[in-house]
2 protein chains.
Amino acid sequence: MSNTQKHKTTVDIYGQQYVIMGTESPSHIRLVASLVDDKMREISSKNPSLDVSKLAVLTAVNAVNDYIKIKDQFDRLQTELLKEKD
Amino acid sequence: MSNTQKHKTTVDIYGQQYVIMGTESPSHIRLVASLVDDKMREISSKNPSLDVSKLAVLTAVNAVNDYIKIKDQFDRLQTELLKEKD
């Protein structure tokens, strides 16, 4: 990657502003923020009594769970591809 | 999948207990919870002034970002595998 320039992107998640620093493009950060916002609203609609910090923790649990699942599929696919190339 | 039994797992994340319901095994849920806990502590150590809800939102942002990246790699690998099989 040649693009290691740091960007500062302001996003709105669940009614609160966050300044995100990173090498990702502002459009990528805005996409991530909107997915987190959507997921928080989805979990909140199913559990209206949750406070914001619990809601955010459960959103993080959800996202890490999705990450582990796809990482597992990715690893299996990579093994399969290596076998195909043999 | 034949195992669609629902489990109820109690986990501790950043000093707070959560009851997680789902078809995943309790050991998988505990792994996910410990990863979220680790990430929250890592972000907190770099940003000691953040309150818990902002910390949790940034942890969710982090996890969703990781998810999108690996999903993108997964999709590319899948395309590559399909070409190999042709």
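## Same surface on both copies

In this predicted model, 100% of the interface residues of chain A are interface residues in chain B as well, so the two copies meet through the same surface.

## Where the helices cross

Now for one helix pair across the chains. A packed pair of helices is described by the angle between the axes and the distance between them. Here, helix α2 of chain A (residues 52-85) packs with α1(B) at about 115°, and the axes are 9 Å apart. The crossing of α2(A) past α1(B) is right-handed.

So who's touching whom? On the α2(A) side, the contact is made by A:Val57, A:Ala60, A:Val61, A:Val64, A:Asn65 and A:Ile68. On the α1(B) side, B:His28, B:Leu31, B:Val32, B:Leu35, B:Val36 and B:Met40 take part. Sort the residues of this contact by type and you get ten nonpolar, two polar and no charged.

## A look at B:Leu35

B:Leu35 sits in helix α1 of chain B, which covers residues 26-46. Which residues does B:Leu35 contact, once its neighbours within four places in sequence are set aside? They are A:Val64 and A:Ile68, and both belong to the α2(A) side of the helix contact.

Within its own chain, B:Leu35 has its C-alpha atom 9.2 Å from that of B:Ile13, a residue 22 places away along the chain.

Terms used
Residues numbered from 1 in each chain as written. Chains lettered and ligands numbered in written order. Predicted model: local features only at pLDDT ≥ 70, side-chain atom pairs only at ≥ 80, totals over all residues. Heavy atoms only, no water. Contact = heavy atoms within 4.5 Å. Helix = DSSP H or I, 4+ residues; strand = E, 2+ residues; numbered from the N terminus. Axes fitted to C-alpha atoms, helices over the stretch in contact; angles between N-to-C directions. Left-handed = near helix turned anticlockwise from the far one by under 90°. Nonpolar A, V, L, I, M, F, W, Y, C, P; charged D, E, K, R; others polar.
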